[in-house]
Amino acid sequence: MTPGGRVLVTGAGGFIGRRSLEPLRAAGFDVHAVLSPPNGADARSAFKAQGVPAGVAIHRADLLDAREIDALASDVRATHLLHFAWIATPGEYARSAENYRWLAASTHLLKAFHRCGGVRAVMAGSCAEYDWSRASICHERTTPLAGGPNGGHATPYAKCKIAMSRTLEEFGRACGLSTAWGRIFFQFGPGEDPRRLVSSVIVGLLAGREAACTSGTQVRSFLHVGDVGAAFAALLNADVEGAVNVGSAEPIAIAALLGRIAERLGRPDLLKLGARALPPSEPPLLVPDTARLRAEVGFEPAWTLEGGLDDTIRWWRGALAANAAARGPGGA
């Protein structure tokens with residue numbers, strides 16, 4: 001794939017989306033970023049507050065509104081599409097009916113993008129698409145997907161992501177559009193939602209609170225969010241098609257991961273492994289095979305796990321200190 005082009009990035013203000021912007025610019029793309037600021041806030045001000053790089057064109061659009069999608073596609077006329085936008089609220093997204101709205105909206109966006117001259121589309125999927133009852137090391141072409149014949153239960157989120165991946169592939173084949181689907185595994189980093197695992201433990205320990213966790217015997221792998229964003233930029237700029245796992249190839253038990261965090265913060269006494277029951281749906285081993293990402297896309301992570309943890313802890317120290325200073329003495 002020839003470097004460069006005009007790329008439309010949806011969900012560009014999100015945890016992963018905004019980390020794709022600078023790598024895309026470095027690859028020679030003319031980057032057009034989309035978000036819907038809360039409460040009608042000015043899009044440019046909202047983007048600047050989130051650290052979006054200079055030189056990125058900013059657009060505001062409600063991607064659940066077909067008319068706004070059509071207007072956006074017609075205005076930008078992108079050659080490339082990188083689609084992250086989807087419901088992702090921790091504790092809600094897996095079973096939310098909003099997944100079906102995002103499936104319909106994403107399909108409409110794909111068609112509008114192609115109609116306005118698009119040549120390559122990459123969309124963000126999830127490891128939740130795999131059948132966790134039979135998953136271990138997940139291979140894009142051989143590991144069963146959830147909800148398939150004799151497969152495990154699929155949440156609305158998994159069902160809609162699987163449906164969108166198939167729509168993307170089939171539409172691309174029918175229309176001569178180059179497409180790829182990045183299945184995201186576990187990630188962490190600065191700015192992560194504090195309800196998610198790594199950040200929740202860091203924030204709790206920094207505040208001197210006990211972190212009640214499961215036994216942590218389950219094995220996962222974690223990729224710094226900067227590498228996740230860069231991997232998607234590399235995938236968009238490649239000619240690889242189909243599903244590609246986006247994650248770390250280095251497995252680690254959850255207990256060991258959290259232990260490293262606790263040791264770095266000097267509070268191993270507050271880490272309470274086994275204080276919570278392990279959910280029955282949790283597979284003992286769930287990590288990606290990253291051969292396609294490394295060999296075909298040519299992507300190698302820049303962050304080590306240790307360096308990524310240090311970066312995330314440093315960010316949270318700064319963010320919490322800034323919040324405390326803003327509240328002032330005795331502030332709530």
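## Strands β1 and β2

Val9 stands opposite Ala33 in β2, and five bridges join β1 to β2, the two strands running parallel. Helices (H or I, at least four residues) and strands (E, at least two) are DSSP runs, numbered from the N terminus. Six of the seven residues of β2 are buried, so this strand is largely enclosed by the rest of the structure; buried here means under 20% relative accessible area, exposed over 50%, and partly exposed in between, with a 1.4 Å probe and protein chains only.

This is a predicted model, in which local features need pLDDT of at least 70 and side-chain atom pairs count only at pLDDT 80 or more, while totals for chains, interfaces and linings use all residues. Residues are numbered from 1 along each chain as its sequence is written, and side-chain values use heavy atoms, with hydrogens and water left out.

## The seven-stranded sheet

β1 and β2 belong to an open sheet of seven strands, whose order is β3-β2-β1-β4-β5-β7-β12 with parallel pairing; two strands pair if DSSP finds at least two bridges between them. At the edges stand β3 (57-60) and β12 (242-246), each with a single partner strand, so one side of each is left without a neighbour in the sheet. Neighbouring strands of this sheet are turned on average by 20° against each other, direction ignored.

Further along the order, strand β5 (residues 120-126) and strand β7 (residues 178-184) run parallel and are joined by seven bridges. The bridge partner of Gly125 in β7 is Arg183.

## Helices α1 and α7 against the sheet

Helix α1 (residues 17-26) has Gly17, Arg19, Ser20, Leu21 and Leu24 as its buried residues. What covers them includes the strands β1 (5-10), β2 (29-35) and β4 (80-83), together with helix α7 (225-236), where contact means heavy atoms within 4.5 Å. After α1 comes Gly28, whose phi is positive, near 100°.

Helix α7 itself lies across β1, β2, β4, β5, β7 and β12, and runs at about 145° to β5. Axes are lines fitted to C-alpha atoms, for helices over the stretch in contact, and angles run from 0 to 180 degrees between N-to-C directions.

## Packing of α6 on α8

The axes of helix α6 (residues 197-206) and helix α8 (residues 254-264) come within 10 Å and cross at roughly 35°. This crossing of α6 and α8 is right-handed, a term used if the near helix is turned clockwise from the far one by less than a right angle, and left-handed if anticlockwise.

On the α6 side the contact is made by Leu197, Val198, Val201, Ile202 and Leu205, and on the α8 side by Ile254, Leu257, Leu258, Ile261 and Ala262. By class, the contact of α6 with α8 has ten nonpolar residues, no polar and no charged ones; Ala, Val, Leu, Ile, Met, Phe, Trp, Tyr, Cys and Pro count as nonpolar, Asp, Glu, Lys and Arg as charged, and the others, Gly among them, as polar.

His224 lies in strand β11 (residues 222-224) and, at 5% relative accessibility, counts as buried. Its side chain is joined by polar contacts to those of Trp303, at 3.5 Å, and Asp311, at 2.9 Å. A polar contact is a pair of N or O atoms within 3.5 Å; within protein, one must be able to donate a hydrogen and the other to accept it, and residues adjacent in sequence count only if both atoms are side-chain atoms. Not counting residues up to four places away in sequence, His224 touches Phe188, Pro190, Trp303, Gly308 and Asp311.

Ala66, found in helix α3 (residues 66-76), is partly exposed, with a relative accessible area of 35%. Ala66 and Ala112 are 46 residues apart in sequence, and 9.3 Å apart in space from C-alpha to C-alpha.
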